[in-house]
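Student: Hi! Could you walk me through this structure? I'd like to ask things as we go.
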Amino acid sequence: MREVDEFTIKFVRGIQVLDSRGDPTVEVTVVTEAGGMGRAIAPAGASRGRLEAVDLRDGGKDYRGRGVLRAVEAVNKYIAPAIIGMNSFMYRNVDRKIIELDGTENKARLGGNACTATSLAVINAAADTAGLPLFQFIGGSRARTLPVPLMNVINGGAHAGNKLSIQEFMIAPVGADTFHDAIKIAVEVYKTLKELLKATYGASAINVGDEGGFAPPMTSTRDALQALYKAVSVAGYEPGSDVYFALDAAASHFYDPSEKKYLIDERKLKPLELVEYYIDIINEYPVKLIEDPFSEDHPEYFKMLRSKVRGKVLIIGDDLTVTRASRISKFISEEIIDGAIIKVNQVGTFSEAEDSIRVLLRNDRKAIVSHRSGDSEDVTIAHIAVGFETGLIKTGAPARSERTSKYNELLRIEDYLGGDAIYSGKNAFLR
Ligand code: PGA
Ligand code: ZN
């Protein structure tokens with residue numbers, strides 16, 4: 001083990017780089033006394049929850065207002081002098097310092113982007129100083145479970161220009177013994193889906209959206225689920241056994257508060273009708289997980305749906321829970337959710353995301369570590385998923401380097417663990 005002094009943060013530098021959408025974002029590099037180096041890039045969401053940490057953007061003309069030079073300045077001028085000299089091994093103290101320095105509920109002062117990139121760079125630097133892969137710095141030598149990837153292969157909602165209300169149609173390759181076999185199944189299904197969509201809708205249907213999924217000109221949820229079902233079958237796998245389906249409805253984004261109705265499949269449904277709608281779909285297709293089935297202002301309907309599908313389908317919060325441990329605890333005790341999406345930049349520091357993961361796992365709920373629709377080559381989330389052995393990760397289709405970078409890192413981790421690696425498989429969905 002290294003001397004404590006060697007973990008001392010010696011250098012912190014933020015710069016402006018680009019995310020996968022071509023938007024500016026914050027990258028931070030941290031170096032410790034021992035020369036350990038950590039680097040992280042903040043991702044950015046497009047379909048955000050109202051209570052998320054907010055990114056600092058410059059406004060004005062440059063980069064059409066999307067620049068992050070103010071956030072970069074927050075890193076270099078305010079955060080850096082405050083955390084240089086602190087012990088990166090005790091990353092929770094560093095995060096607390098950042099939280100205090102910001103002093104707001106939603107990181108509005110320093111920027112969620114500045115805080116996220118710095119916090120993640122610090123743990124990466126600490127792991128490097130310890131000479132450990134990040135997942136082992138987080139989880140010790142016990143950490144050896146590879147997560148089931150929830151892969152978004154058909155895009156709708158805020159991520160696509162089609163008429164699908166549901167934002168994400170995901171496949172979960174559970175019927176594999178190893179992570180690399182799971183990737184093989186997913187890629188075969190993805191390529192088959194591509195062929196089928198091209199044959200049905202023409203070549204423009206196979207252009208990919210922000211998360212690498214296809215955005216075919218479909219109009220109904222059932223069209224998308226039917227396409228998935230067919231793709232899995234034609235690829236030679238069994239839907240519901242080898243491959244589960246999962247949905248991120250992101251329903252806040254198709255709820256019309258003036259009419260108090262959800263706009264889906266070119267119909268307007270009352271919340272209770274939407275409950276029935278989901279139940280029908282669950283009976284027709286092997287959908288095993290639904291994220292944000294209702295607006296973030298309708299936890300009572302999450303609860304109602306959950307009570308009717310319990311044991312069969314996991315009901316997960318994202319815009320509802322925004323990676324805040326206090327909200328997650330509340331919704332667990334009120335029996336509203338089976339789990340939550342974990343996005344470090346929704347809350348702004350690794351420690352706060354860690355608190356959320358721990359609350360979930362302690363209560364036998366699911367923690368699904370997730371990318372954002374605007375992401376980068378940063379692979380920290382792959383390590384977070386293995387480090388805490390969450391069993392589930394959500395990081396897009398098996399296409400586009402900002403998505404495959406996470407899958408490739410998980411393949412590396414599996415290889416590094418050798419015979420010790422376990423693939424979470426169907427267990428990830430049990431409750
Ligand atoms: P976002 O969407 O990254 O665009 O916010 C992802 C999600 O809703 O899960
Ligand atoms: Zn979501």
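Student: Is Glu291 buried or exposed?
Tutor: Glu291 has 0% relative accessibility, so it counts as buried. Buried means under 20% relative accessible area, exposed over 50% and partly exposed in between, with a 1.4 Å probe and protein chains only. Bear in mind that this is a predicted model, where local features need pLDDT of at least 70, side-chain atom pairs count only at pLDDT 80 or more, and totals for chains, interfaces and linings use all residues. Residues are numbered from 1 along each chain as its sequence is written, chains are lettered from A and ligands numbered from 1 in the order in which they are written, and side-chain values use heavy atoms, leaving out hydrogens and water.

Student: What coordinates the zinc ion (ligand 2)?
Tutor: Asp248 (OD), Glu291 (OE) and Asp318 (OD) do, at 2.0 to 2.2 Å. Donors are N, O and S atoms within 2.8 Å of the metal (3.2 Å for Na, K and Ca); water is not among the atoms, so sites may look incomplete.

Student: Where do Asp248 and Glu291 sit in the chain?
Tutor: Asp248 is in strand E7 (residues 243-248) and Glu291 is in strand E11 (residues 287-291), 43 residues apart, so to speak a link between distant parts of the chain. Strands (E, at least two residues) and helices (H or I, at least four) are DSSP runs, numbered from the N terminus.

Student: New topic: how many helices and strands are there?
Tutor: The chain has 13 helices and 16 strands.

Student: And how much of the chain is buried?
Tutor: Of its 431 residues, 61% count as buried.
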